[in-house]
2 protein chains.
Amino acid sequence: MSLLDMLADAVGPRNVLRDANDIAPYAVDWRGAYRGQPLAVARPGSTAEVAEVVRRCGAMGLSIVPAGGRTGLAGGAVPAANGPPAVVLSLERLNRIRNVDARDFSLVAEAGCVVQTVQAAAAEAGRLFPIQWGAQGTAQIGGMLSTNAGGIRTLRWGNARELVLGLEVVLPDGRVLDDLRRVRKDNSGYAMRHLFIGGEGTLGVITAAALRMVPALKRVESAFVAVPSPDAALSLFSRVMGSGAELIGFELCARFCMEMAAKHGVGLRMPLPLEAPWYVMVEIAAAHESVPLREMLEDALGAAIESGEAVDAVIAESEAQRAMIWKIREDYPDCSRRDSPSVGTDTSVPVSAVPDFVNTAERELKARWPEGRMAAIGHAGDGNIHLSLHAPADWPGDRAAWVERAGEMEPLVNAIAVSLGGSFSAEHGIGQSKRHAMATHKDPIALELMRTLKAALDPVGRMNPGKVLP
Amino acid sequence: MSLLDMLADAVGPRNVLRDANDIAPYAVDWRGAYRGQPLAVARPGSTAEVAEVVRRCGAMGLSIVPAGGRTGLAGGAVPAANGPPAVVLSLERLNRIRNVDARDFSLVAEAGCVVQTVQAAAAEAGRLFPIQWGAQGTAQIGGMLSTNAGGIRTLRWGNARELVLGLEVVLPDGRVLDDLRRVRKDNSGYAMRHLFIGGEGTLGVITAAALRMVPALKRVESAFVAVPSPDAALSLFSRVMGSGAELIGFELCARFCMEMAAKHGVGLRMPLPLEAPWYVMVEIAAAHESVPLREMLEDALGAAIESGEAVDAVIAESEAQRAMIWKIREDYPDCSRRDSPSVGTDTSVPVSAVPDFVNTAERELKARWPEGRMAAIGHAGDGNIHLSLHAPADWPGDRAAWVERAGEMEPLVNAIAVSLGGSFSAEHGIGQSKRHAMATHKDPIALELMRTLKAALDPVGRMNPGKVLP
């Protein structure tokens, strides 16, 4: 039987993509940085069909590249350019929400559910599914879990990993691991699910997950705050967090980032004139309506201004103003791309090391690329700052030319983060883009353990080859 | 070199226990249910010494049984009675708190730190380390993590697993995995730490952990509530949780349990006359002092009484009254032991299935052992109800005789929990006591995966043999 006949037999002819035009979107990543041609794209409609595709591809000696909403930034969901012959296994048709239980604060969603759809299902049940990030309208649950996605709410509710109660996984040999329980406590043996969460499809294919919901938020207050330095920002963080207010967002943004947003954003209005070197977006929330949230925020910001941690602050006076603050943050990546070529990183450090990290990086980048412009923006409350180096405004070349000139900023910044006890890969995953950093920075014993686990679970190396492991 | 010389060389002669009297406490578990004789007890004082003991025992073909505060209820920290020759590796001297960072909301503690000591260190920094359970004055961090301990606060802050930022582990071959970072976000490869957390020492020895702290609680309110049924209790749970009050404890207790506490407890005073069939202990908290906590609880309980979910309720009027409610809960296990022989379980079900679980079990136990008395108490907000069957008050025999008569209640109750999508092992771990339940109830594919991982990480089977895997 030919490959296409085999796949058609497994998932139905209409769910096998073979034409170049149909396959094209699956052969390039979100940012256009990684390209790899699959032999075909299979779109199974059930867990059993996923298992069938995995089993049959295995029998034909073909590799599997699982794909979801394909919004990843690390090239994890496209075949490696020089990899072995591979079939893309798209989970997009596995998009049922199998169960929502408000009393239980849990829901069960298939891997192909769009994150926003799951948020909406939770809201309809009077609950909150708290994961939130820019790509949520396209990204899918399977990808969210396979990359252990972060976002702007991890400060309060953790990464994707922390929201999982149970998992259903198709293993590399096509068997189905059914661990889809909705229990809060289960210590019956090794917590294998955590290998698949963040495993980027290299150990198996997540097909469904039982997820936690939390009480819906009744009140939210946001502010846009001008601060004199990253150190002041961190003192402000400590003040708000220490006050006991329920902090659900704390973003640190260099003025340069806000200037790019102001320049290129469509319909963005800055809440303050851009006169300070750094800005913070802060959001606190309460699930109970009697919590005096506004006063809490006013008190904290008033004390911060008095102590010099902040120089100015605007509290959103309406839902529209609040939405505007977060739209600036969400639209920033696009604005930054439109502004000028850049090279970026995905680092994290202990929260208390953020000022040291930013200051050291700024000094070293300035020394080596005096013409470059450093952009620093990120989830400071998680210690997860995304540093980029932009080409000068009058850069004559294209992105490739800037990457050739400044590409070395990435290992340099990674090394600074690691030297401060941090990570070179905070929330985007390894995929293809950070394999070299794994080789450089990952502890050799940890790396060897990873290889041992990979060999044990996927001895033939069929699952998403060329990803994660260096 | 003899075993004792070898160990003395590794950890110093004073830290090798060889006399029968010295070894005796390490040869029996907390409840006296499991006994196993180690060849010796080694008490290393550093991670390097732990590694040395593991390496040298390996070279001599000896097994390792890691031990901490030895308060476990599953027999995980004593050698298996018919197991291979083993050395108990006690982490008790590895008891430094290496770092406390208030600004970072993190601390680094060695495995031998007593849980209460870590709680105190967090409190001193103005933070909260939120794990809490009866044995906290004796239990150690290493055991807490190796069993992924739960307790009465998991409802709000999760199990022990959720509080870990990084881990240091001595692997079965004596190498040290140094993953002790304090970062909140790290997606640099497989989350191996989660195999060691809850691994009960069968995959390696946890020697230190970076742990999360949370904002200190400024206000706490507790109530003791009489409810007509488990179903009413769950409606009350949903009401309080759904109201957005920060629920940090929700314990469901059958009247029989409260009667045993009243009868055998030293200095316990029941907040209400024991006239209702079920009681709930509820606690809400706030980290910010301006949260109107008392009103929140009064409102919720008032509405609950009005709707019939509760028949009576007492809100603690003082810290002493609050402490009394929780002392009843903490002293309960002792009171229950003093009352009469019993056979118990450690099950969990989805929270919404708690009423069905309790009612079904009550019916089936009554049918089979009409003379038995069912005790049901547990963390209902986690779906984790501990069911026991007590001998009748006039039982003439000893515990062994009752176990012989009613021992089959455990598989029966486990089967009910599993049929409702629950677990036969919620928070105590598998150890020796639940290996038979693993064989019966664990999904065969999951079990095979566990064996694959065990063989990959500990190919010779040297780490804590006779535990966890059936």
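Where in chain A does A:Val468 lie? In this predicted model, A:Val468 is placed in the segment that comes after H16 of chain A. A:Val468 is buried, and its relative accessible area is 1%. The backbone of A:Val468 has a phi near 65 degrees, which is a positive value in a residue other than glycine. Most residues other than glycine have a negative phi. The segment after helix H16 (444-457) of chain A also holds A:Gly461. With a relative accessible area of 28%, A:Gly461 is partly exposed, because this value falls between the limits of 20% for buried and 50% for exposed. Once residues up to four places away in sequence are set aside, A:Gly461 touches A:Ser63 and A:Lys454. A:Ser63 is 398 residues away from A:Gly461 in sequence, yet the C-alpha atoms of the two residues are 8.0 Å apart in space.

The overall form of chain A was considered next. Chain A contains 16 helices and 18 strands. The radius of gyration of chain A is 23 Å, close to the 23 Å given by the globule rule for 470 residues, so chain A is as compact as a globular protein of that length. Along the principal axes, a box of roughly 75 × 55 × 45 Å is filled by the C-alpha atoms of chain A. Of the 470 residues in chain A, 61% are buried. When contacts between residues at least 6 apart in sequence are considered in chain A, 73% of them join residues at least 24 apart. The accessible surface of chain A amounts to about 16,400 Å², and carbon and sulfur atoms account for 49% of it.

Two loop residues of chain A were then examined. A:Phe105 is located in the loop that runs between strand E5 (97-101) and strand E6 (106-110) of chain A. Phi of A:Phe105 is near 55 degrees, a positive value in a residue other than glycine. A:Phe105 is buried, at a relative accessible area of 2%. A:Ala139 occupies the loop between strand E7 (127-128) and helix H5 (141-146) of chain A. The relative accessible area of A:Ala139 is 4%, so this residue is buried, the limit for that class being under 20%. Apart from neighbours within four places in sequence, A:Ala139 is in contact with A:Gly69, A:Thr71, A:Cys113, A:Val114, A:Val115 and A:Trp133. A:Ala139 and A:Gly72 are separated by 67 residues in sequence, while their C-alpha atoms are 8.1 Å apart in space.

A further position in chain A lies in a helix. A:Asp299 belongs to helix H10 (residues 293-307) of chain A. A:Asp299 counts as exposed because its relative accessibility is 54%, the cut-off for exposure being over 50%. A:Cys113, which is one of the residues in contact with A:Ala139, is 186 residues from A:Asp299 along the chain, and the C-alpha atoms of A:Asp299 and A:Cys113 are separated by 41 Å.

In chain B, B:Ser106 is found in strand E6 (residues 106-110). B:Ser106 is buried, with a relative accessible area of 0%. The side chains of B:Ser106 and B:Arg182 are joined by a polar contact of 3.4 Å. If residues up to four places away in sequence are not counted, B:Ser106 touches B:Val100, B:Asp101, B:Leu165, B:Arg182, B:Arg184, B:Leu211 and B:Met213.

Contacts of B:Asn148 extend to chain A. B:Asn148 is situated in the loop between helix H5 (141-146) and helix H6 (154-157) of chain B. B:Asn148 is buried, its relative accessible area being 4%. The side chain of B:Asn148 forms a polar contact with the side chain of A:Asn187 at 2.9 Å. The side chain of B:Asn148 also reaches the backbone nitrogen of B:Ala160, at 3.4 Å. Beyond its neighbours within four places in sequence, B:Asn148 is in contact with A:Asn187 of chain A and, in chain B, with B:Asn159, B:Ala160, B:Arg161, B:Ile197, B:Gly198 and B:Glu427.

Key. Residues numbered from 1 in each chain as written. Chains lettered and ligands numbered in written order. Predicted model: local features only at pLDDT ≥ 70, side-chain atom pairs only at ≥ 80, totals over all residues. Heavy atoms only, no water. Helix = DSSP H or I, 4+ residues; strand = E, 2+ residues; numbered from the N terminus. Rg over C-alpha atoms; globule rule 2.2 N^0.38 Å. Buried < 20%, exposed > 50% of the residue type's maximum accessible area, 1.4 Å probe, protein only. Contact = heavy atoms within 4.5 Å. Areas by Shrake-Rupley, 256 points an atom, 1.4 Å probe, with all protein chains shown as cover. Polar contact = N/O pair within 3.5 Å; in protein donor to acceptor, adjacent residues only side chain to side chain.
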